Amino acid sequence: QFRMDIGEKVLPSVLELVWQLIANDIRRTIRISCSKLFADAGASNEERLQRAKAVRAVGKEFSSVGHASFAGMSHLQNIVSAEMKTRIEVAVETTMMKAQGHEHDVRDSESEIKRKTREANRQTA
């Protein structure tokens, strides 16, 4: 139970951190790409205007797809959350076993994750 409590407390922070890293990477990529598009000395003002319109169209589409996808995210988040909890639980168990001097192979951990996932799926079905 203690291990599950740790996983439930840590998981939201880990997911938030990962999301922030991904969002920052996307923002950086967009900023660099737009800078290259609009700072092109060889492009005329008309070409730059056309590029701006194209970027705006892509941005609108990206935004609409993002909003539509957001509705289905809670289900996906529950799936990811459950798998992350299982992985955290197995990682803690593995660490404790190693600290006590037990041999442990990565394949054993993966097998345990699969077993626990199947067990959780049977319980929710």
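Let us begin with a pair of charged side chains: Glu112 and Arg115 meet in a salt bridge, with N and O 2.7 Å apart. A salt bridge here is a side-chain nitrogen of Lys or Arg within 4 Å of a carboxyl oxygen of Asp or Glu. Both residues sit in helix α4 (residues 106-124), three residues apart, which is about one turn of the helix. Glu112 is partly exposed, with a relative accessible area of 22%, and Arg115 is partly exposed too, at 34%. These words have cut-offs: buried means under 20% relative accessible area, exposed means over 50%, and partly exposed lies in between (1.4 Å probe, protein chains only).

Before going on, a word about what you are looking at. This is a predicted model, in which local features need pLDDT of at least 70 and side-chain atom pairs count only at pLDDT 80 or more, while totals for chains, interfaces and linings use all residues. Residues are numbered from 1 along each chain as its sequence is written, and side-chain values use heavy atoms, with hydrogens and water left out.

Glu112 has another partner. Lys116 forms a salt bridge with Glu112, and their closest N and O atoms are 3.9 Å apart. Lys116 and Glu112 are four residues apart in helix α4, again about one turn of the helix. Lys116 is charged, yet it counts as buried, because its relative accessible area is 14%. The picture then widens: Glu93, Glu112, Arg115, Lys116 and Glu119 are linked in a network of salt bridges.

How many salt bridges are there by this rule? The count comes to five. One of them joins the side chains of Arg51 and Asp40, at 3.2 Å from N to O. This pair links distant parts of the chain: Arg51 is in helix α2 (residues 45-71), Asp40 is in the loop between α1 and α2, and they are 11 residues apart. Arg51 is partly exposed at 23% relative accessibility, and Asp40 is partly exposed at 29%.

Now step back to the whole protein. Its secondary structure comes to four helices and zero strands, and from the N terminus on the elements run α-α-α-α. Helices (H or I, at least four residues) and strands (E, at least two) are DSSP runs, numbered from the N terminus. Of the 125 residues, 11% count as buried.

Is Leu11 buried or exposed? With a relative accessible area of 2%, Leu11 is buried. Leu11 and Ile88 are 77 residues apart in sequence, while their C-alpha atoms are 8.5 Å apart in space.

Finally, look at the outside. The protein exposes about 10000 Å², and carbon and sulfur atoms supply 60% of it; accessible areas come from the Shrake-Rupley method with a 1.4 Å probe, and for residues only the protein chains shown count as cover. Val10, Val14, Val18, Trp19, Ile22, Ile26, Ile30 and Phe62 form a nonpolar patch on the surface, with about 700 Å² of accessible area together. Patches are made of residues with over 30% relative accessible area and no salt bridge; like charges are joined within 9 Å, and nonpolar side chains (Val, Leu, Ile, Met, Phe, Trp, Tyr) within 5 Å. Helix α1 gives the most to the nonpolar patch, with seven residues. Val14 has its place in helix α1, and at a relative accessible area of 32% Val14 is partly exposed.
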